[in-house]
Amino acid sequence: LPPSYPGELPILGHTHLISGDTEKIWEILKEMSEKCVENGGVLHAKIGTQIYYLVTDPDDALTVANNCLHKHFIYDYVRTWLGNGLLTSSGEFWQRHRKLLNPSFTVPVIHNFLGIFNHMAKQLVSELEVHADRGPFEISPYLRVISFQTFSRTAFGIADDSVKEFAEKYMESSDQVMNMVVYRFQNFLLHSDLIFKLTGLKKKQDRLIKILDDMANQVIERKKAEMKLANEKKANEWSTTNTRYKPFMSLLLELKNDDTLTDKEIKEEVDTFIVAGFDTTSNCLTCLLVLLGTYPEVQEKMYNEIIEVLGPDRDIEKDDIKRLVYTEAVIKEALRVFPIGPALLRYVDRDIKLKNYTMRADSQAVILARGAHRSPIFGDDVETFRPERWLDSSITAVGNNAFYGFSLGKRSCIGKAYATVSMKTTLSHLLRKYKLISNVNDMRFKVDMVLKTTTAPVRIVRRK
Ligand code: HEM
């Protein structure tokens, strides 16, 4: 075994270290990342009888990402909701679905959403107007709602006023489920299905999941009815921009015509996209904006690039995306500093050799993204937010293999292009309109499966 993480107790192992609320998880993940890097990149911890390999060494992390394709049991806690969607499934089932879904996430497909991305970004800019030239405010709730509404449109093709109400109900219930998942993991006794049931928490979770299921099923029924009426044009055309696009759900329903996915599978995949996509994107943007407000020289450089590529007020088009090179480096650097998926949990189903250790079968592996991102290969300024590092080919040559912002290997993020294009669009509109002022030290976090800000104040000032 690699060295033990400090603080191991007889019988309990390290269980006591993870208990508490979900804000504490971020603190412990930071500490674990630091200790792991200091100790050469691999440590072990024990939660109950289970061994956890904590990995930050870039080579070993890649070995885990490429070889451990089964998820940790925490994902079973949401199986009644997300079923065998991409995030939760494993083995051949996952492999088949990933292959089927990959074509729906390619850059050309995502480009079809640009009309929506531009429209939603402009809506955000106008919603933020009330805070312009005033005091600090929490920007995250605005980003969350916009991100969710964007998802409703791109995933379901719903663009009417019902989205806002739908968004609020769905976000509230999914937030609570995610919080319960982490809370359950933190409280070792609740790992037992029986105790989870006896405490009444299962009932609460089932109630929340039923709300989410009912909503998703209603949407599917509506979509199917639209398609049945051969009203494809109405279903797939978004009236405000006249942009033709197919929402994910239509793409999946079309797959179904070839008898490839059942209704239940479609529901689980669409729920999975929403859960995996909207909070990650909005929290990534929140962190990025606070970082920009803290580092004005980075903000100015990015602003200048956007003006150079797009001019003062033009919408972003597909050829612009790849020209926003510095903006892309900023997104990557923000994710390096604040990895939204801070702990990637995998089940080790067989003995797997790392550089200096062998992970035993039937154990768990955790890639600590924050630690991998502070690996010495990034140089001696790992604590500094410096997007320029991603423009330096000597760093990117090795750095890309240590960058877990979207994970690496076969189970890396399927939505990376979606997230990148949508964030570039939002940023291009926002930065041309407002200057941001903030301090990264004012941010507070929790980890409800993904890293979320609990406090992220910014000030916005209208650009003249
Ligand atoms: C900034 C935004 C995003 C970040 C930082 C992010 C990050 C990640 C990470 C780190 C993973 C690996 C999770 C693990 O191994 O446990 C992942 C997986 C995944 N992401 Fe994303 N993601 C983002 C946006 C999206 C979007 C927009 C979508 C959907 C449209 C999406 C869908 C997924 C799915 C379905 C998986 C599971 C893939 C599989 O196991 O085959 N993500 N994402």
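The lining of the largest pocket receives at least two residues from each of α2 (22-38) and β12, where helices (H or I, at least four residues) and strands (E, at least two) are DSSP runs numbered from the N terminus. The largest share of this lining, five residues, is contributed by α2. A pocket is here an open set of points, on a 1 Å grid over the protein atoms alone, with protein on both sides within 12 Å along at least five of seven lines, whereas a cavity is a set of points where a 1.4 Å probe fits but cannot get out; lining residues have an atom within 4 Å of a point. Grid points are joined across faces, edges and corners, and a volume is the space filled by probe spheres set on the points. On these terms the largest pocket has a volume of about 400 Å³, and of the 20 residues that line it, K30, F338, R370, N441 and F445 lie nearest its centre. By class, the lining of the largest pocket comprises nine nonpolar, three polar and eight charged residues, with Ala, Val, Leu, Ile, Met, Phe, Trp, Tyr, Cys and Pro counted as nonpolar, Asp, Glu, Lys and Arg as charged, and the others, Gly among them, as polar.

The model is predicted, and local features therefore need pLDDT of at least 70, side-chain atom pairs count only at pLDDT 80 or more, and totals for chains, interfaces and linings use all residues. Residues are numbered from 1 along each chain as its sequence is written, and side-chain values use heavy atoms, with hydrogens and water left out.

The count of cavities of 30 Å³ or more comes to two. The second largest cavity has a volume of about 130 Å³, and among the 14 residues lining it, those closest to its centre are I146, S147, T150, S422 and T426. At least two lining residues of the second largest cavity come from each of α7 (114-128), α8 (140-156), α14 and α20, and α8 gives the most, with five residues. The lining of the second largest cavity has nine nonpolar and five polar residues, but no charged residues.

The iron atom of the ligand has C413 (SG), at 2.3 Å, as its only protein donor; donors are N, O and S atoms within 2.8 Å of the metal (3.2 Å for Na, K and Ca), and water is not among the atoms, so sites may look incomplete. C413 itself is placed in the loop between α19 (393-399) and α20.

Two strands are taken to pair if DSSP finds at least two bridges between them. An open sheet of five strands, with mixed pairing, has the order β1-β2-β10-β7-β3, and its edge strands, β1 (42-47) and β3 (70-71), each pair on one side only. Within it, β7 and β10 (residues 363-368) pair in the antiparallel sense over six bridges, and R346 has A365 in β10 as its bridge partner.

An open sheet of three strands has the order β4-β14-β11, with antiparallel pairing; because β4 (137-138) and β11 (434-438) stand at the edges, each with a single partner strand, one side of each is left without a neighbour in the sheet. Five bridges join β11 to β14 (residues 457-462) in the antiparallel sense, with K435 opposite V461 and I437 partnered by R459. Two bridges join the antiparallel β4 and β14, where E138 stands opposite P457.

Strands β12 (residues 444-448) and β13 (residues 450-455) pair in the antiparallel sense over five bridges, R444 standing opposite T455. The two strands β12 and β13 form a hairpin with one residue between them, and M449 in the turn has a positive phi of about 70 degrees.
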